[in-house]
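Try each task before reading its solution.

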Amino acid sequence: MPVLDPSGFQMAVRIVTTDRQIYPLWMSAEGGATAGATSTTDAGLDGEALIAGLPCVESVDIEIGLGMNSKLTIAIATPFDLGLAVLASPLMREGNVIECQVGYPRIGRFMPWISVMAARPDARISPDEGFSATLNGEGGAFIALRGSRTAEYQNKSYVDMLREILTHEGYENIDLAVPDSDGPSDPLYQVRERLSQSAQSDWFFIQYIVRAANCDAWMEPSSSTDGRQTLRILRREAVLGSTPRFSFVMRGNADFEVYFPILEFETQAEGVWLPGAATTIRTGELNPTSGGALDRLTTRADSPVPAAGPVVAATGGATVEDTAVIAAVTAEGDVAGDHLYVSERDPRTAVEVATAHLTESSLRGGGIQATITTIGIPDLFPGQMVGVIGVGVFNGLYLVQKVTHRVSAEEWGMTLELINNATETAMLSDILRGFTPRTNDATPPEPAGDAGSGGTTTVEPVEGDG
């Protein structure tokens, strides 16, 4: 695979109006990166319209989060008179589609087109500095967040419910990607007698049923069709057990192919305490017909979701004055880290509820959350595993939760929000102890060698006249 050249990226931004007219804001698709703007009066705008490319983009922020929408924030600036014409044109209207793509043209590695619906822009007009504005856009699941729906699904699986939701108006440009069935006990494909979406938004309901099956759902650009979005469903077992595709290194030699530099590393304290629900969950069921009760204990050892790093069960504790300190709750008798009460008539089984809740707790509160900055990588998305190297006790495998690209004429940088769902006793306290789960011990990719140029054309130096 050709290496990335951080200085050789290209950005394309365009607006598609409600009447399907396309206006590039950075460059002309026909004229290339050096094409200038061409004025015309017959393109359907009030006054002069720039049809070959309006080079007004100062910066672009692209945010793609796990289980959330893609978002675009585009800063533009023009001279005063041109800005007033743009402001009066259809380019600034709500409901337009804003599309953006960034990549490395010399090696052919581009992000898919990010397509969002334009929200209300922010505008600023100055007699000296001219016109500037911020275009805001929400991604493919924006319609799913608006309003609420009341519906009842009978004798359908979760996958059937997802397909039915996407048949409604507003989801025409969204595809569904789901994993294959694992068999008759697969919670994604089990037929549920009855499930109600009671005055909930579609996105809330999608997250509800997907997480109940120990999966995650998020929107991402389509890999096959420009301008379309994909609602992707992946099992947490597959996500957290996958082999990392990229590694990031602090103060090491990057090859800019699979091994990239860490420009900055930060970690937050929210995720360094181990909640009780991350170790053990006890579920109680009451049979409304027989009146009998069923008690079940679920531990991390029962979960199919692996930990993304080493987990060591410590045996010690600490004493503060007369109080013994043990950070993680162990199961003794009727004690558990958390108790859940699940009705036998719940379309989700008690095992599904307990396992999903335990996974959520270990992800959000039982590991390490970190943020790193690096150069722009066009084919790295949330839901992928990466390796982090060169930061001491924070070394390990991390799940990418959110990717934020910051692109301007000068540079293309990227911020990754990461999470590791394992407790590392070298950094945390030895008293953090729990049930040891299956561990993802995949080896992150190593550098393939020294980085070389991504170009294929040799240019001889030219001596100046003087």
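Buried means under 20% relative accessible area, exposed means over 50%, and partly exposed lies in between (1.4 Å probe, protein chains only). The model is predicted, so local features need pLDDT of at least 70 and side-chain atom pairs count only at pLDDT 80 or more, while totals for chains, interfaces and linings use all residues. Residues are numbered from 1 along each chain as its sequence is written, and side-chain values use heavy atoms, with hydrogens and water left out.

**Exercise 1. Classify the ring pair of F9 and W412.**

Step 1: Rings of Phe, Tyr and Trp (its six-membered ring) pair if their centres lie within 6.5 Å; planes under 30 degrees apart are stacked, over 60 edge-to-face, and the rest tilted. A search of the whole structure gives 8 aromatic pairs.

Step 2: The ring centres of F9 and W412 are 5.9 Å apart and the planes stand at 70°, so this pair is edge-to-face.

Step 3: Now place the two residues. F9 sits in the segment before β1 (10-16) and W412 in strand β28 (residues 412-420), so the pair ties together parts 403 residues apart in sequence. Strands (E, at least two residues) and helices (H or I, at least four) are DSSP runs, numbered from the N terminus.

Step 4: Check burial. F9 has a relative accessible area of 16%, so it is buried; W412, at 5%, is buried too.

**Exercise 2. How do α3 and α4 pack?**

Step 1: Helix α3 (residues 158-165) and helix α4 (residues 202-212) pack at about 160°, with axes 10 Å apart. Axes are lines fitted to C-alpha atoms, for helices over the stretch in contact, and angles run from 0 to 180 degrees between N-to-C directions.

Step 2: The two helices are therefore roughly antiparallel (over 145 degrees; under 35 is roughly parallel, 65 to 115 roughly perpendicular, the rest oblique).

Step 3: List the contacts (heavy atoms within 4.5 Å). Y158, M161, L162 and I165 of α3 meet D202, F205, I206, I209, V210 and A212 of α4.
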